[in-house]
Amino acid sequence: MNAVTVRAPAKINLHLGVGGPRDDGFHPLMTVYQAIGLYDDITVRTADSWSLALEPADYVDPADVPLGDDNLVTRAGQLLADLHGREAHAEVLIRKDIPVAGGLAGGSADAAAALVALDRLWDLQTSDEDMFRLAAQLGSDVPFALLGGNAFGTGRGEVVESVRGGDVARWWVVVTAREGLSTPSVYRRFDELHPDASARPAAPHKLVAFLADPVEAIADLLHNDLQEPALDLRPELRDVLTAGEEAGALHGLLSGSGPTCLFLCSSADHAREVAAALDGVGDVVLTANGPVAGAHVVEYA
Ligand code: C5P
């Protein structure tokens, strides 16, 4: 075997409760993650040095995905190689379908996929404990990209635990914006708007209790504390949310720190109808279902 392809999903937050900043600057979170069927694939091949290349979807601007040493895939490769005391040599291709800087954790998906792919290519047999530890070092959303499904996230989002019993297919319309939003700037605006935010963010008890219920039961329980600060920075996103609800979506909300907007629909057909009605409202209009698996091998060659 000299090549492995690993697929990792985008994430959305069905609930994102944010608390006041900790001493390290990160914000305590209480979140319910869902992995949705929008994916990046990472292919790694045996090589004598490290190289990284990109194969973007037609709606992804390659200029938005710098391939230097700061790329999370390169950092993932270096961390894994260091853990095992070996050289980080591989030819890596990122096939990117997850919109960039959109609040869908696409970079985190790439990092998680790279960890799994390189672990297999280099035959390292890294323990789950080490994989999740490295993932948390790479970013708050990376452990969830390994886990997938529906999960509780606490800490700064990196402490994840599968939510059992909620595995009912949900259909989403995903509307991206051409210009991304920087996550730190949205958290900063949250701090400005909520200088007295409690250290304990809002918990999603009701949502979790109803997670497997008919879709109408969860529509009004979707919640995102970063929506207000993101809309404050980008007021035009309100029009997108309104357009989705007018098009018949059960509920619209911002994905993570935005600017991607999500619309919960009642079925695949309903999602296609809402997506058609939203054509031209955002940059790209996609449909996806969740929950789906975390980073997993799709091909050995
Ligand atoms: O962990 P990650 O690298 O994805 O975080 C990116 C940035 O988002 C952090 O530098 C921080 O500004 C902000 N962040 C935060 N609280 C979190 C997660 C992220 O303030 N729980």
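**Loops, fold and ligand site**

Reply: P291 is in the loop that links strand 11 (284-290) to strand 12 (296-300). Helices (H or I, at least four residues) and strands (E, at least two) are DSSP runs, numbered from the N terminus. The model is predicted: local features need pLDDT of at least 70, side-chain atom pairs count only at pLDDT 80 or more, and totals for chains, interfaces and linings use all residues. Residues are numbered from 1 along each chain as its sequence is written, and side-chain values use heavy atoms, with hydrogens and water left out.

Me: What is omega for the peptide bond that joins G290 and P291?

Reply: The bond between G290 and P291 is cis. Its omega is about 0°.

Me: Where does P259 lie, and what is omega from G258 to P259?

Reply: P259 lies in the loop between strand 9 (251-254) and strand 10 (261-265). The peptide bond from G258 is cis, and omega is near 5°.

Me: What is phi of A101?

Reply: A101 is in the loop between strand 4 (90-96) and helix 2 (106-121). Phi is positive here in a residue other than glycine, with a value near 50°.

Me: How many helices and strands does the chain have?

Reply: The count follows the DSSP runs described above. The chain has ten helices and twelve strands.

Me: What is the radius of gyration of the chain?

Reply: The radius is taken over C-alpha atoms, and the globule rule is 2.2 Å times the number of residues to the power 0.38. For 301 residues a compact globule would be near 19 Å, and the chain agrees with that, at 19 Å.

Me: Which helix gives the most to the shell around the ligand?

Reply: The residues around the ligand (a heavy atom within 4 Å) include T183, P184 and Y187. The helix that gives the most, with three residues, is helix 5 (residues 183-193).

Me: Which ligand atom is 2.5 Å from an N or O atom in the side chain of S140?

Reply: Polar contacts here are pairs of N or O atoms within 3.5 Å; within protein, one must be able to donate a hydrogen and the other to accept it, and residues adjacent in sequence count only if both atoms are side-chain atoms. H27 has a polar side-chain atom 2.7 Å from a ligand oxygen, and a backbone polar atom of R156 is 3.0 Å from a ligand nitrogen. For S140, the ligand atom is an oxygen.
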